Amino acid sequence: MATQSPTPPVSGPAEPVPVAVLARTSTLLLQDPAASLRRQITSSHEWLPPGFYVAGYCWDVESGGLDIEDRGHGSYGQFTDQGIPRDGGLADLLSEAKSPNPRFGAVVVEDIERASRDFYNSVKLERELSDQGIPLFATDEPADISGVNPTTLLIRRVKQGFAEYFRLQLKEKTWKGLREHSDAGWNIGKVPYGYAAERITHPNPSKAAQGLSKTRLIRDPDQAPIVAQMYTWRVDSKLAVNSIVAKLNADPAAYPPADPAAGWTLGGVAAMLRNPKYTGHQVFGRRHHGRPVPPDQWHWSPARTHPAIVDRATWDAAQQVGADHATSWDETVPHPTARRSYVLRSRVRCKICQRRMVGITRTHPERGPAGAYAYYICTHDRANPRHVAAAPHHPPTVTAPQDLVLTALRAGLELYTLTPGRADRLRQTAARRSSRAASACRRRRRRTGSAAQADQHRPRQPHPRPRHAVHRPRRFGSPGHAGPHPCSLHRAASRTRNHRRQAQDPHQAGPGGYRRGPGGRAADAARPGARAARAHPGRAIRGPGHPGPVERPHAASHVLRHHHRHHTRHHQLSAHPHQRRPRPSHRARRAGRRHQR
């Protein structure tokens with residue numbers, strides 16, 4: 001009996017499936033977007049398996065490195081007029097997929113790279129569609145309505161990663177090529193005012209055949225002196241942008257603007273005062289994605305590539321003047337929205353954060369409008385992270401009354417500028433400041449020297465603290481008190497020569513801490529009660545209870561008991577000769593005398 005061969009499974013759906021075609025092309029410069037979009041739509045139609053039909057077309061002409069939230073918001077009427085159908089972009093596709101009844105049940109692209117050239121955004125798009133039950137297919141992958149298999153998914157992830165690698169590698173090589181282009185002296189971007197464009201045939205024959213060329217900058221004899229005059233006003237006269245614009249617009253014949261209809265504008269003059277190309281160098285990388293880049297990250301050509309209108313020192317000085325002025329206007333041309341002008345406007349700065357203080361006017365409720373007074377207030381904002389990072393200990397509000405500031409200013413001018421002998425006073429002030437700085441330097445050196453010397457004599461192990469040498473000891477005779485009377489250590493006696501000698505070399509002393517010899521411990525034993533000068537600075541207590549000095553073996557850090565007829569002192573011998581102890585209080589001394597009685 002012959003066996004029947006198994007019937008292959010049918011991958012197509014049981015009912016028609018609507019499909020949305022997703023297409024994307026990069027830019028208008030590198031390729032023909034219309035031809036690329038037609039190719040992608042045709043490839044998607046050829047890939048459709050039986051039962052699938054196209055329900056909509058969504059495409060964009062944008063970079064594949066953009067986030068999916070930033071795509072699909074352009075205007076593409078020039079392509080739809082050529083007969084390319086379009087129902088929206090990627091944003092419209094995602095919005096339709098999240099609706100209760102989307103018009104399509106699957107999405108197809110010519111290649112997975114056409115969805116996005118960023119790995120994260122490509123996987124995110126795939127995940128957002130799959131969360132709505134809509135699969136994403138590519139024309140170079142097998143069509144299976146049940147979904148992609150593990151092998152297909154692995155190949156897709158590899159291609160998504162390689163697409164991002166290719167995009168980043170292309171950006172890096174393009175950036176390096178533009179940098180070499182700038183170093184060679186070719187201008188990138190618009191020709192600045194003051195220069196003229198020198199067109200040179202493109203060195204690439206194919207591009208030269210298309211009429212393309214490269215540009216070098218040459219000096220314009222009519223406009224270059226105007227740019228030099230603007231920098232002179234900025235650096236020498238310290239004029240703000242508004243004053244320079246007013247001077248230029250006051251004489252259009254002498255200072256013809258680039259656009260006679262618009263005249264000189266604040267933005268145009270400010271950009272010219274910031275343009276580093278006037279120094280003769282080509283500078284590349286001043287903006288990134290439309291945002292300004294810090295000047296220390298700009299790429300300057302190693303040498304001058306075109307004639308300079310101003311030198312580098314003048315340009316740097318103009319940047320410093322601009323930083324000092326910031327957004328401040330000169331008083332000769334007041335701001336159109338300003339209601340009043342302050343005497344010290346843009347001249348008062350906060351000492352803590354170095355920000356320019358702005359003027360405000362306050363009116364006392366009892367004085368009326370005639371009692372208005374001006375204040376200068378710091379613009380520090382504690383809610384701004386950059387302000388807090390620059391001055392973390394800045395108070396919430398810093399204000400300075402204008403009357404007090406003017407009084408201090410007049411006093412300083414009168415003392416150091418307007419009265420005779422100001423040169424001598426300035427020299428004396430400079431001498432006092434130098435003397436204070438030298439004294440502070442000597443104190444620092446003295447502290448550093450003493451600290452280094454102390455480190456040489458300091459023991460490596462910390463000295464154990466006696467049980468009774470605490471800040472607030474227990475009362476003598478109370479339960480739990482096992483030591484002698486709680487007296488503080490005497491400061492002067494611990495600095496005696498004998499204690500230092502014993503601390504440095506304890507082997508020279510006897511078992512009781514006294515030096516041997518004719519006048520030492522033997523002589524003291526023969527004369528009970530006699531004063532032992534070499535023993536310690538104190539008197540031995542006379543009487544039958546104390547026949548002589550106490551014999552007690554101890555180490556260099558032992559606490560000696562100096563018996564006196566009036567009080568008892570406890571001194572600690574330490575290996576550190578400069579160790580200090582607190583002075584005994586009056587109450588402790590009285591308690592010691594009562595104990596001796």
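**Briefing: a helix, a sheet and salt bridges**

Leu170 is found in helix α6, which covers residues 150–183. The model is predicted. The structure holds 19 salt bridges.

**Helix α6**

- Leu170 counts as partly exposed, because its relative accessibility is 46%.
- Together with Phe162, Tyr165 and Phe166, Leu170 makes a nonpolar surface patch of about 420 Å².
- Glu164 forms a salt bridge with Arg167. Their closest N and O atoms are 3.9 Å apart.
- Glu164 and Arg167 are 3 residues apart in helix α6, so about one helical turn separates them.
- Glu164 is partly exposed, with a relative accessible area of 21%. Arg167 is buried, at 14%. The cut-off for buried is under 20%.

- Strands of a sheet pair through backbone hydrogen bonds, in a parallel or antiparallel way.
- Strand β12 (residues 372–377) pairs with β13 over 3 bridges, in the antiparallel sense.
- Which residue is the bridge partner of Ile377 in β13? The partner is Thr399.

**Tyr376 in strand β12**

- Tyr376 lies in strand β12.
- Is Tyr376 buried or exposed? Tyr376 counts as buried, because its relative accessibility is 0%.
- Tyr376 and Ile360 are 16 residues apart along the chain. Their C-alpha atoms are separated by 6.1 Å.
- Not counting residues up to four places away in sequence, Tyr376 touches a list of residues that includes Tyr342, Val343, Leu344 and Arg345.
- Also among the residues that Tyr376 touches are Met357, Val358 and Gly359. Val398, Thr399, Ala400 and Gln402 are among them too.

**His394 in a loop**

- Where is the place of His394? His394 sits in the loop between α12 (385–390) and β13 (399–401).
- His394 is buried, with a relative accessible area of 3%.
- Leaving aside neighbours within four places in sequence, His394 is in contact with Cys350, Ile352, Cys353, Cys378, His380 and Arg382.

**Other salt bridges**

- Asp131 forms a salt bridge with Arg127. The closest N and O atoms of this pair are 3.1 Å apart.
- Asp131 and Arg127 are 4 residues apart in helix α5 (residues 119–131), so they are separated by about one helical turn.
- Asp131 and Arg127 are both exposed.
- Arg103 forms a salt bridge with Glu96, and the closest N and O atoms are 3.7 Å apart.
- Arg103 is partly exposed, with a relative accessible area of 47%.
- A network of salt bridges links Asp60, Glu62, Arg71 and Arg86.

Technical notes
Residues are numbered from 1 along each chain as its sequence is written. This is a predicted model: local features need pLDDT of at least 70, side-chain atom pairs count only at pLDDT 80 or more; totals for chains, interfaces and linings use all residues. Side-chain values use heavy atoms; hydrogens and water are left out. Patches are made of residues with over 30% relative accessible area and no salt bridge: like charges are joined within 9 Å, nonpolar side chains (Val, Leu, Ile, Met, Phe, Trp, Tyr) within 5 Å. Accessible areas come from the Shrake-Rupley method with a 1.4 Å probe; for residues, only the protein chains shown count as cover. A salt bridge is a side-chain nitrogen of Lys or Arg within 4 Å of a carboxyl oxygen of Asp or Glu. Helices (H or I, at least four residues) and strands (E, at least two) are DSSP runs, numbered from the N terminus. Buried means under 20% relative accessible area, exposed over 50%, partly exposed in between (1.4 Å probe, protein chains only). Contact means heavy atoms within 4.5 Å. Two strands pair if DSSP finds at least two bridges between them.
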